[in-house]
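Me: Hi! I have a protein open on my screen and would like to talk it through with you. Could you walk me around it?

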Amino acid sequence: MKGRSILMAVLIALLIFGSFLILHNSSHESEPHSKLNPSKLRSFLESQYVPEVGLLRAAVKAYPDNETIYVANDNLLASRTLIALGSPLGKRILKNLEANYSGGWNGKVDPLLGRPIDGFYCTETKKLGKVYSKKFNATFWVRYELANTSCRMGDWESYADLLVYGALNELIKGNENGALELYSRLLAMWDRNGFRDRAFDGVYQTYKCALFVYLYRALDKPDKGRNVYSRCLEIISSLQAENGGIITGYRVENREIIPVGDTNTETTSIVALALYSDYPEKLGKT
């Protein structure tokens with residue numbers, strides 16, 4: 001009888017352990033994940049490097065961005081992205097920004113990198129000059145997008161990207177309730193395929209889905225919005241081009257995601273920061 005009792009106890013323990021493994025594996029498998037190739041993201045960004053100025057160009061084909069270099073948002077974000085992806089080019093660009101472009105900060109996207117802003121303003125673009133690149137056999141304008149502090153935006157909450165920057169700004173200030181309120185307003189713009197905000201013109205912007213993923217991680221993946229997170233990962237995963245970059249826009253027809261636009265530095269950088277950096281978790285712990 002004693003031997004039979006021991007055997008029964010062992011069988012029960014094995015059943016309990018097996019059930020735990022099944023539940024654990026099911027939970028792990030149900031966790032949404034992207035199907036991007038991070039090595040190709042890195043290679044794409046590295047390929048956009050213009051050695052004559054030490055910065056990345058904005059786009060591949062779309063004019064005039066394929067002949068433009070933006071200090072911010074592009075290189076401000078790309079420098080950190082490349083560092084996160086393990087590329088030594090990231091630190092080189094960052095040193096250039098710090099030495100020659102006031103760090104590349106622009107008073108708008110700064111919260112993505114943990115730096116607070118004091119509000120939202122109209123954007124002004126400064127032309128810093130032209131540079132010829134032998135590598136690309138092209139002449140590039142170097143431009144710097146900055147906040148025009150004399151022109152405060154009163155309708156910033158009508159834009160999905162600004163809601164994300166605003167929510168992250170609240171997290172940086174330690175106001176989680178304020179961040180969650182802006183997060184709820186962001187979710188109200190979701191139409192099952194993308195964010196339909198005031199700027200929507202029939203084509204969804206990929207970077208807005210990536211910004212949602214970033215904020216969702218920063219908020220420690222709340223239950224509310226999990227379906228949006230899953231769908232955004234699905235969308236983003238379908239928009240990596242052969243050159244490794246992320247296509248800027250998309251349409252949806254019968255649930256099919258149709259790429260629209262070019263691959264560019266800004267969108268690719270935001271996607272990589274959202275998925276492969278630890279910035280979101282750092283912001284969530286401030």
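**Around threonine 267**

Reply: Happy to! Let's begin with threonine 267: leaving out residues up to four places away in sequence, it touches Thr206, Tyr207, Ile246, Ile247 and Thr248. Keep in mind that this is a predicted model.

Me: Which helix does threonine 267 lie in? And is it buried or exposed?

Reply: Threonine 267 lies in helix 9. Its relative accessible area is 3%, so it counts as buried.

Me: What about alanine 274, where is its place?

Reply: Alanine 274 is in helix 9 too, which covers residues 265-276. With 1% relative accessibility, alanine 274 counts as buried because the cut-off is under 20%.

Me: And what does alanine 274 touch?

Reply: Not counting residues up to four places away in sequence, alanine 274 touches Ala210, Val213, Tyr214, Arg217 and Pro280. Take tyrosine 214: alanine 274 is 60 residues from it in sequence, yet the two are 4.4 Å apart in space, C-alpha to C-alpha.

Me: Okay, on to helix 7. How many of its residues are buried?

Reply: 13 of the 13, so helix 7 is largely enclosed by the rest of the structure.

Me: What span should helix 7 have, and what does the model give?

Reply: Helix 7 runs over residues 206-218, and at 1.5 Å a residue those 13 residues should span 18 Å. The end C-alpha atoms are 19 Å apart, which agrees. Just after helix 7, aspartate 220 takes a positive phi of about 65°.

Me: Nice. What about the largest nonpolar core, how many residues has it?

Reply: The largest nonpolar core has 85 residues, and those with the most contacts inside it are Leu168, Phe195 and Phe212. Helix 7 gives the most to this core, with 10 residues.

Me: What is phenylalanine 212 in contact with?

Reply: Setting aside neighbours within four places in sequence, phenylalanine 212 is in contact with Val164, Tyr183, Leu186, Leu187, Phe195, Gly225, Val228, Tyr229 and Cys232.

Me: How many disulfides does the count come to?

Reply: It comes to two disulfides. Cysteine 122 is joined to cysteine 151, S to S 1.9 Å. That pair also links distant parts of the chain, with cysteine 122 in strand 4 (residues 121-133) and cysteine 151 in strand 5 (residues 138-152), 29 residues apart.

Me: Switching to sheets: in what order do the three strands of the open sheet come?

Reply: The order is 6-7-8, and the pairing is antiparallel. Strand 6 (204-205) and strand 8 (256-263) are the edge strands, each pairing on one side only.

Me: How many bridges join strand 6 and strand 7?

Reply: Two bridges, in the antiparallel sense, with strand 7 covering residues 247-253. Glutamine 205 has glycine 249 in strand 7 as its bridge partner, and tyrosine 204 has tyrosine 250.

Me: And strand 7 with strand 8?

Reply: Those two pair over six bridges, again antiparallel. The bridge partner of glutamate 253 is glutamate 256 in strand 8. The hairpin of strand 7 and strand 8 has two residues between the strands, and asparagine 254 there takes a positive phi near 55°. Five of the seven residues of strand 7 are buried, so strand 7 is largely enclosed by the rest of the structure.

Me: Last one, the big picture. How many helices and strands has the protein?

Reply: It has 10 helices and eight strands. Of its 286 residues, 50% count as buried. The protein exposes about 14300 Å², with carbon and sulfur atoms supplying 51% of it.

Note on methods. Residues are numbered from 1 along each chain as its sequence is written. This is a predicted model: local features need pLDDT of at least 70, side-chain atom pairs count only at pLDDT 80 or more; totals for chains, interfaces and linings use all residues. Side-chain values use heavy atoms; hydrogens and water are left out. Helices (H or I, at least four residues) and strands (E, at least two) are DSSP runs, numbered from the N terminus. The expected span of a helix is 1.5 Å times one less than its number of residues. Buried means under 20% relative accessible area, exposed over 50%, partly exposed in between (1.4 Å probe, protein chains only). Accessible areas come from the Shrake-Rupley method with a 1.4 Å probe; for residues, only the protein chains shown count as cover. A nonpolar core is a set of buried Ala, Val, Leu, Ile, Met, Phe, Trp, Tyr and Cys residues joined through side-chain atoms within 4.5 Å. Contact means heavy atoms within 4.5 Å. Two strands pair if DSSP finds at least two bridges between them. A disulfide is a pair of cysteine sulfur atoms within 2.5 Å.
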